[in-house]
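Please keep the view open while reading.

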Amino acid sequence: MENRSALRPLYLKDFTGQEKVKKILEIALSSAKKRQATLDHILFYGPPGTGKTTLATIIANEMEKNIKIVSAPMIEKKGDLVALINSLQEGDILFVDEIHRLSKQIEETIYSAMEDFRIDIVSGGGLRARNFSINLPKFTLIGATTRLNLLSSPFRSRFGIICRLELYSVEELIEIARKNTIKLNIKLTEEALFEIAKCSRGTPRILNQLLKRVRDFAVVHNWEVVDREKSLHILKELGIDENGLDSMDRKILQVIYEVFKGGPVGLNALSLALNEDKDTIENVHEPFLVKMGFIIRTSRGRKITNLGLKAIGKSLNSELF
């Protein structure tokens, strides 16, 4: 069975992109090692696929500690949280993905765990109620979210390091692709690398997914080298156009243009018109469409741009703006 994490870098020196975040982490890691102390709690936020889980794993490797990875909805009760943290050793990492989805009760419970490495439990009810504390091993909580605004201010303030992860440039993605084609044992020309990187929506996750599909085509068709023409053929087979847009991206642009006359349109109205989840539109599709200049976000909602019109084969119309 193929190891899905095989393409992920294991140490900061091998991690491409997010230079500002890397500098912050390098200082924090060096300091914690020299002081022989537990690393501060860390919060990563930004679009999906930009490296939050990878960086958490790298931090564990750099600190030579274990990491336990869990999705926030899996932590339903105080007992779940206590069991998770008590399964850690001193200095280990607890990585909570989608941390904005923690219930209010768990969020408030985790405050004392983060600050004092202790959780207070109430046993029984009424006059028989008893309070007692459970001491926890010193650990580092790393949270990941695409929705920073959904975390309360008291919760955010308990993270010593807060880092925003940005979408990657095409040049950064090409560099990542060069490394990973070696791991996948495939050869791409520079032009093919550019086409695949350009269509990766600014994220290594999608880049790696595309590279694996390129590998599949190369194996099936006995291609020794994948050139630009072959890469464009593969992308077309996958439903991705020359701008890197998939079918939902194009549908979003078409609906804004045809149904809402170019915009502005609010997220709720757009979600209803598309019959698509709001979070998917806002966190998966919008960041790429905005980065590419196909839509803009205004105080009144989303508007399609002339570039966006061109991407769906519509004539330019300055009256939309």
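1. Overall picture. The model is predicted. The protein has 13 helices and nine strands. Its C-alpha atoms fill a box of roughly 75 × 45 × 35 Å along the principal axes. The protein has 321 residues, and 47% of them are buried. Take the contacts between residues at least 6 apart in sequence: 68% of these join residues at least 24 apart.

2. Helices H6 and H8. H6 covers residues 170-184 and H8 covers residues 204-221. Their axes lie 10 Å apart, at an angle of about 40°.

3. From H6 come Leu173, Ile176, Ala177, Asn180, Thr181 and Leu184. They meet Pro204, Leu207, Asn208, Leu211, Lys212 and Arg215 in H8. By class, the contact holds seven nonpolar, three polar and two charged residues.

4. Helices H10 and H11. H10 spans residues 247-258, and H11 spans residues 267-274. The two axes come within 10 Å and cross at roughly 115°. This makes H10 roughly perpendicular to H11. H10 passes H11 in a right-handed crossing.

5. H10 brings Met248, Lys251, Ile252, Val255 and Ile256. H11 brings Leu270, Ala273 and Leu274. Seven of the contact residues are nonpolar, none is polar and one is charged.

6. Aromatic pairs. How many aromatic pairs are there? The count comes to three. In one of them, the rings of tyrosine 111 and phenylalanine 155 have centres 6.1 Å apart. Their planes stand at 50°, so the pair is tilted. It links distant parts of the chain: tyrosine 111 sits in helix H4 (residues 104-116), and phenylalanine 155 sits in helix H5 (residues 153-156), 44 residues apart. Are these two residues buried or exposed? Tyrosine 111 has a relative accessible area of 13%, so it is buried. Phenylalanine 155 has 0% relative accessibility, and therefore also counts as buried.

7. An edge-to-face pair. Phenylalanine 117 and phenylalanine 139 also form an aromatic pair. The centres are 5.8 Å apart, with 75° between the planes, and the pair is edge-to-face. Both partners lie in loops, 22 residues apart. Phenylalanine 117 is in the loop between H4 and strand S4 (118-123). Phenylalanine 139 is in the loop between strand S5 (130-135) and strand S6 (140-145). Phenylalanine 117 is buried, at a relative accessible area of 17%. Phenylalanine 139 is buried as well, at 1%.

8. An aromatic cluster. Tyr111 and Phe155 belong to one aromatic cluster together with Phe159.

9. A buried arginine. Arginine 302 is found in strand S9 (residues 301-304). Why does it count as buried? Its relative accessibility is 8%, and the cut-off for buried is under 20%. Leaving aside neighbours within four places in sequence, arginine 302 is in contact with several residues, among them Gly262, Gly263, Pro264, Val265, Gly266 and Leu267. Its contacts also include Glu282 and Glu286, along with Ile295, Ile296 and Arg297.

Terms used: Residues are numbered from 1 along each chain as its sequence is written. This is a predicted model: local features need pLDDT of at least 70, side-chain atom pairs count only at pLDDT 80 or more; totals for chains, interfaces and linings use all residues. Side-chain values use heavy atoms; hydrogens and water are left out. Axes are lines fitted to C-alpha atoms, for helices over the stretch in contact, and angles run from 0 to 180 degrees between N-to-C directions. Helices (H or I, at least four residues) and strands (E, at least two) are DSSP runs, numbered from the N terminus. Angles under 35 degrees count as roughly parallel, over 145 as roughly antiparallel, 65 to 115 as roughly perpendicular and the rest as oblique. A crossing is left-handed if the near helix is turned anticlockwise from the far one by less than a right angle, and right-handed if clockwise. Contact means heavy atoms within 4.5 Å. Ala, Val, Leu, Ile, Met, Phe, Trp, Tyr, Cys and Pro count as nonpolar, Asp, Glu, Lys and Arg as charged, and the others, Gly among them, as polar. Rings of Phe, Tyr and Trp (its six-membered ring) pair if their centres lie within 6.5 Å; planes under 30 degrees apart count as stacked, over 60 as edge-to-face and the rest as tilted. Buried means under 20% relative accessible area, exposed over 50%, partly exposed in between (1.4 Å probe, protein chains only).
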